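Reader: I am new to this structure and would like to be walked through it step by step. Could we begin with the helices and how they meet?

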Amino acid sequence: MLLLTLVLLVAGYALGLWIWADGRLQTTDAFADYSGRPTAGQGTDWLLIGSDSRSTLTAQERKDLHVGNDEGLNTDTIMILHYGSNGPYLVSIPRDSYVPIPGHGKNKINAAYALGGAKLLTQTVEEATGLRLDHYAEVDFGGFVAVVDSLGGVRICVPAGGLHDEKSGADFDAGCQKMNGKQALAYARARYSDPQGDLGRVKRQQQLVSAIAHQALTPSVLLLPWNLIPFLSASLDALTVDKGTGLPALGRMGLRMKDIADGKGATTTVPISSTGTEISGVGDVVLWNDAEAQQLFTALRDDTAIPTFGTS
């Protein structure tokens, strides 16, 4: 009788938590139905973005986080997560990638969100890569900070030489250390003091995404309500997903991110041919190595092992 009571209590808790979380999931109409949209490939593809929205931040928070007061809305982070029979693979797209934006000519890929929101960004990524995206998820500056803080911070190993960037607020010596939300955001955004510029920032973003997934799926978070509920609350407040994405899909995505954090699959960046190329009216851009990029996108579309160039 006691065992049955315990089982019912656990089942009731799980059901209640599910209903609560499902009711708080924020969605947006992220995909356009346009002529020539790529057909579905093998496996599953997510577009993961971090927007530079400051709309939820107070003036003091903007100052503390070193994010400035720009009211424009771009994407600071753009990644494709693929999983299926092969992978999982986390592929970063440099935000300064110079690509066609439907209806707007060529520009930096991060301008697509500012010009037309999630729909234009997903169409831009699909047309540039030939991949049909299955899911979409975005988080802004404030949400990222809150999620990291809800986990009690994340452990990051800073490479030799450390990272010191006045503009982002990053001030880290080399070595493994725990970062809170504010520190993690500074680490993710730093690029001016990095010899690799935006490409170095891409690697740190991959590192942080993996660290968050690793920490979130530890037993101390999953099995203890006083840890799990604050994390879920912060995540649900931070995340916006496409209307076709529910909690089961988010759970599968989280598990695949945990796999990457555990060393399975691979992380990579779209192969590039040059950085810092000046385009009149646009600024410095990143140009892809078209031949190698198409090899990568074909492997993702066919759910085969990705080429080794550019993997990290």
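Author: Phe-141, Phe-144, Val-145, Val-148 and Asp-149 in α4 are in contact with Gly-181, Lys-182, Ala-184, Leu-185 and Arg-189 in α5, where contact means heavy atoms within 4.5 Å. Helices (H or I, at least four residues) and strands (E, at least two) are DSSP runs, numbered from the N terminus.

Reader: How many nonpolar residues does the contact of α4 with α5 have?

Author: The classes place Ala, Val, Leu, Ile, Met, Phe, Trp, Tyr, Cys and Pro as nonpolar, Asp, Glu, Lys and Arg as charged, and the others, Gly among them, as polar. By class, the contact of α4 with α5 has 3 charged residues and 1 polar residue, and the nonpolar ones number 6.

Reader: What kind of model is this, and how are residues numbered?

Author: This is a predicted model, in which local features need pLDDT of at least 70 and side-chain atom pairs count only at pLDDT 80 or more, while totals for chains, interfaces and linings use all residues. Side-chain values use heavy atoms, with hydrogens and water left out, and residues are numbered along each chain as its sequence is written, from 1.

Reader: How many helices and strands does the chain have, and what percentage of its residues count as buried?

Author: The secondary structure comes to 10 helices and 15 strands. Buried means under 20% relative accessible area, exposed over 50%, and partly exposed in between (1.4 Å probe, protein chains only). Of the 312 residues of the chain, the buried part is 49%.

Reader: At roughly what angle do the axes of α4 and α5 cross?

Author: Two packed helices are described by the angle between their axes and the distance between the axes. Axes are lines fitted to C-alpha atoms, for helices over the stretch in contact, and angles run from 0 to 180 degrees between N-to-C directions. The axes of α4 (residues 141-150) and α5 (residues 181-189) come within 8 Å, and they cross at roughly 125°.

Reader: Why are α4 and α5 described as they are, and what is the word for their orientation?

Author: Angles under 35 degrees count as roughly parallel, over 145 as roughly antiparallel, 65 to 115 as roughly perpendicular and the rest as oblique. By that rule, α4 and α5 are therefore oblique to each other.

Reader: How is α4 oriented relative to α8?

Author: The axes of α4 and helix α8 (residues 225-238) come within 8 Å and cross at roughly 170°. On the side of α4 the contact is made by Gly-143, Ala-146, Val-147 and Ser-150, and on the side of α8 by Pro-230, Phe-231, Ala-234, Ser-235 and Ala-238. By class, this contact of α4 with α8 has 6 nonpolar, 3 polar and no charged residues. The crossing angle of roughly 170° makes α4, relative to α8, roughly antiparallel.

Reader: Which residues of α6 make the contact with α5?

Author: The axes of α5 and helix α6 (residues 198-216) come within 7 Å and cross at roughly 145°. From α5 the contact involves Ala-184, Tyr-187, Ala-188 and Arg-189, and from α6 it involves Arg-201, Arg-204, Gln-205, Gln-207 and Leu-208.

Reader: Which class of aromatic pair do Phe-172 and Tyr-187 form?

Author: Rings of Phe, Tyr and Trp (its six-membered ring) pair if their centres lie within 6.5 Å, and planes under 30 degrees apart count as stacked, over 60 as edge-to-face and the rest as tilted. By this rule the count comes to 2 aromatic pairs. With 5.7 Å centre to centre and 85° between the planes, the pair of Phe-172 and Tyr-187 is edge-to-face.

Reader: Where do Phe-172 and Tyr-187 lie, and are they buried or exposed?

Author: The pair links distant parts of the chain, 15 residues apart, with Phe-172 in strand β10 (residues 170-172) and Tyr-187 in helix α5. As for accessibility, both Phe-172 and Tyr-187 are buried.

Reader: Is Asp-45 buried or exposed?

Author: Asp-45 lies in strand β2 (residues 44-51), and, not counting residues up to four places away in sequence, the residues it touches include Ile-80, His-82, Arg-132 and His-135. At 3% relative accessibility, Asp-45 counts as buried.

Reader: How far apart in space are Pro-94 and Ile-272?

Author: Pro-94 is found in the loop between β4 and β5 (98-100), and at 0% relative accessibility Pro-94 counts as buried. Pro-94 and Ile-272 are 178 residues apart in sequence, while in space, C-alpha to C-alpha, their separation is 9.2 Å.
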